[in-house]
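Visitor: Please put the structure up. I have a few questions about how it is built.

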Amino acid sequence: MGIERILAGKNNPLGKLAGKIINLARSNSLTPYIFHTGGSNSRIISRLEAESRLAELGLNEPCFSPRQADLLIVAGPLNTRMASALRFVYDQMPEPRWVMALGDNACDGGIYKNYAVVEGVAQIIPVDVEVRGCPPSMEDIIAGLERLRKIIRERNLSDDYPPKPESADKK
Amino acid sequence: MNDFSATLKKACSEAILAEQNSPDGIVMTIKADKIRQVFETLAGRGTSDGRMLLTDISAVNIEENDCRFELYYHVFLIDLHLRLTLKCRVEGDKIDSIADIMPAALMPEREIFDMFGLKFRGHGNLPRLFMHNDFEGHPLLREYPLMKRQILLEQTKFE
Amino acid sequence: MSTTNRPRDPHSLSDDIIAMSIGPSHPAMRCPIKLNAAVAGDHITSMQVELGFMHRGFEKMAEYTPYNELIDLVDRLNPVNSPSNALTFVTAVEKLMGVEIPERIAYLRMVFAELARMASHFDCIATAAIELELTKLKLLMSESLNVLLDTIETHMFRPSFGGISCSLDDNFSGFIRQLFAFVSSRSMEGRRYMSQGGIFHKRLAGYGTVTSQRALEAGFSGPNLRASGIEYDLRRHCPYWLYPKVGFQIPTGTNGDCYDRYVTRLYEIEQSMLIIEQCLDRMARLDDEQVACAALPVAVKPQGEIYFAVESAEGELGYFIVGRGEDKPYRLHIRPPGLAEAGALADVLTGEQMEQIVPLMGSFNLSGAELER
């Protein structure tokens with residue numbers, strides 16, 4: 001509707017308050033899309049779901065299309081062939097979007113130091129939160145989600161709307 | 001066990017070079033260009049007592065002057081409870097495919113081509129199995145460096 | 001894609017053929033696999049299966065890794081059924097070195113292998129139940145799965161060359177009996193849900209039929225082959241550890257369809273429980289002066305080659321090791337249980353409806369990263 005854009009441009013307490021509320025809402029309603037790469041971590045999110053603990057961690061039910069997601073969780077080592085599929089999925093996600101790399105293998109290749117595994121998801125797409133561990137424990141994952149939510153809450157609303165160049169049309 | 005190996009030796013005598021016993025069965029060394037003859041004999045033994053399962057084909061890249069690869073065909077003869085391993089040394093980089101006799105060989109042969117570069121004549125379609133089509137080289141050869149990555153950057157086609 | 005504007009006949013399946021790609025990142029599939037399908041209406045007219053999205057270069061990496069470290073790395077290949085890989089690898093190296101393991105160790109290995117088999121089968125049926133939206137069946141299977149995985153984890157099981165290390169207390173048998181009371185009540189109730197005439201049966205029976213001749217030719221193994229009627233179980237036909245000393249039945253199916261494959265797995269769970277109980281009884285009757293671990297040569301440097309296969313939950317899992325007297329293998333090749341089934345997948349799925357893809361694929365239980373190492 002354009003209200004967010006107007007508020008983002010204003011550097012006054014109203015704009016900042018609006019930014020805080022919007023980012024708080026975003027951090028408590030993340031819709032994850034779990035990118036399975038055949039690793040051992042994919043069960044963990046479904047186990048959280050089975051124990052009905054998603055809401056307290058700020059997550060909605062995982063969605064089945066990247067076009068509806070705002071959090072991409074890459075769990076497991078990334079193949080050189082899967083890398084292009086990952087880029088394709090990431091490009092379909094609408095802004096604002098965040099990426100979490102789950103496990104040592106996703107963060108930097110982990111134990112797979114060979115020709116077939118990409119050295120970290122960060123070589124393909126920008127990563128916001130890395131959760132280390134092989135495999136990471138439940139506490140590590142929850143701590144990682146907390147770090148991500150803190151990052152989201154501390155954003156400025158104006159990050160979403162970078163200033164337009166002079167030659168663009170004004171609407 | 002002895003009857004079976006005797007019958008097989010009689011049927012393909014010029015193909016079998018050596019035979020030894022292993023804990024689970026028999027290991028036979030055969031000539032690489034006679035592999036189809038051996039499998040046709042094995043497959044033609046009928047279904048009443050000749051059921052067999054080709055479980056796997058393994059390849060080893062040995063660095064010797066006369067041959068580069070050694071292939072192992074692992075066959076299990078269900079009715080005789082016998083594991084038969086057929087070993088052959090491949091000179092050059094081509095060998096006959098047995099995929100039309102035993103469809104179970106389709107995937108292992110593709111994998112061996114992908115990983116080693118050993119071509120199977122008569123396989124039909126021999127595309128790479130695991131690595132993407134733009135990958136140059138064959139990873140499991142001893143001379144391929146461990147860390148040489150070739151990331152597929154173009155988008156996968158969705159047609 | 002066809003862009004005709006003519007009015008469509010509502011009674012005919014659409015004759016426009018759409019090229020559709022399913023995967024590789026698909027939430028309902030168990031592992032990344034790409035299916036390039038040509039779909040008319042919702043029937044698949046032709047299909048190609050593309051693999052390679054889970055390939056991790058494991059076999060090449062193994063040529064640079066000492067044997068002791070490989071035991072831990074091999075676990076990662078199969079998340080749910082991880083004990084089977086480590087146990088098979090360890091036994092293959094022991095056979096290559098000619099080492100005999102003591103009886104107690106063999107029984108313990110059998111116990112953990114069967115626990116892993118039960119977990120894998122529960123996982124397979126649970127995934128099917130999620131897809132078919134049978135919530136109660138999914139709950140029964142998932143609870144059993146979680147309890148079994150917790151058991152394997154809390155006992156900190158890790159095989160080693162010549163032995164096994166796990167933390168068992170004296171009351172392990174009692175613990176297992178309680179566990180089985182929990183699990184068998186759920187599998188009995190699951191049997192009721194999966195019985196003939198129920199939704200599970202009506203949805204899956206008659207689809208994805210693989211005849212016994214075709215299954216044998218294609219190289220199937222494990223429950224996929226037994227569901228087609230061929231009684232081939234490595235534990236009976238090519239035994240290892242101490243399987244000849246325990247008695248169990250080999251469930252086989254009749255039609256080789258999707259339903260038979262799931263039901264064979266359910267019956268195998270019950271047989272596994274029988275095997276574990278017999279192993280625990282025999283372990284209790286062993287002499288107290290049993291050796292804890294086999295006598296190993298000083299360093300693990302096997303020479304020679306060996307192919308050793310076990311009956312894993314998904315099929316025949318084989319390890320082919322070539323050693324040249326060094327502390328790293330010259331060649332390590334793993335025969336994955338699902339590769340033959342992945343090769344036959346295109347034929348099985350052609351002609352089926354789109355809704356049947358996930359249960360049909362799930363019925364083959366393609367085993368994760370092990371498929372492509």
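Visitor: Is Asn365(C) buried or exposed?
Guide: This is a predicted model. The cut-off for burial is 20 or more other C-beta atoms within 10 Å. Asn365(C) has 29 of them within that distance, so it counts as buried.

Visitor: What is the phi of Asn365(C)?
Guide: Most residues other than glycine have a negative phi. Asn365(C) sits in the segment after helix H13 (357-364) of chain C. It is not a glycine, yet its phi is positive, at about 55 degrees.

Visitor: How many residues of helix H12 (residues 339-349) of chain C are buried?
Guide: The buried residues include Leu339(C), Glu341(C), Gly343(C) and Leu349(C). H12(C) is largely enclosed by the rest of the structure, because the buried residues number nine of the 11.

Visitor: Which residue just after H12(C) takes a positive phi?
Guide: The phi there is about 95 degrees. The residue is Gly351(C).

Visitor: Which strand of chain B is largely enclosed by the rest of the structure?
Guide: Look at residues 52-61 of chain B. Nine of these 10 residues are buried, so the strand is largely enclosed. It is strand E3 of chain B.

Visitor: How many bridges join E3(B) to E4(B)?
Guide: The two strands run antiparallel. Leu53(B) stands opposite Phe76(B) in E4(B). The bridges joining the strands number nine.

Visitor: Where is confidence highest in chain B?
Guide: Chain B averages a pLDDT of 81, and 92% of its residues score at least 70. The lowest mean, 75, belongs to helix H1 (residues 2-11) of chain B. The highest, at 90, belongs to strand E4 (residues 69-77) of chain B.

Visitor: Which residues have the most contacts inside the largest nonpolar core?
Guide: That core has 186 residues. Its largest share, 18 residues, comes from helix H4 (residues 103-131) of chain C. The residues with the most contacts inside the core, however, are in chain A: Val74(A) and Met100(A).

Visitor: Which glycine is in contact with Met100(A), leaving aside neighbours within four places in sequence?
Guide: The contacts of Met100(A) include Leu71(A), Ile73(A), Val129(A) and Leu148(A). Asp128(A) is another.

Visitor: Which two residues of chain A are joined by a cis peptide bond?
Guide: Most peptide bonds are trans. Here omega is about -10 degrees. The proline, Pro96(A), is in the loop between H4 and strand E3 (98-102) of chain A. The bond joins Glu95(A) and Pro96(A).

Visitor: How many residues of chain A are in contact with chain C?
Guide: Strand E1 (32-36), helix H3 (42-50) and helix H4 (82-92) of chain A each give two or more residues to that side. The residues there divide into 13 nonpolar, six polar and two charged. They meet 19 residues of chain C, and on the chain A side the count is 21.

Notes: Residues are numbered from 1 along each chain as its sequence is written. Chains are lettered from A and ligands numbered from 1 in the order in which they are written. This is a predicted model: local features need pLDDT of at least 70, side-chain atom pairs count only at pLDDT 80 or more; totals for chains, interfaces and linings use all residues. Two residues are in contact if their C-beta atoms, placed from the backbone, lie within 7 Å. Helices (H or I, at least four residues) and strands (E, at least two) are DSSP runs, numbered from the N terminus. Ala, Val, Leu, Ile, Met, Phe, Trp, Tyr, Cys and Pro count as nonpolar, Asp, Glu, Lys and Arg as charged, and the others, Gly among them, as polar. pLDDT is the predictor's confidence in each residue, from 0 to 100. A nonpolar core is a set of buried Ala, Val, Leu, Ile, Met, Phe, Trp, Tyr and Cys residues joined through C-beta atoms within 7 Å. A residue is buried if 20 or more other C-beta atoms lie within 10 Å of its own, exposed if 12 or fewer, and partly exposed in between; C-beta atoms are placed from the backbone. Two strands pair if DSSP finds at least two bridges between them.
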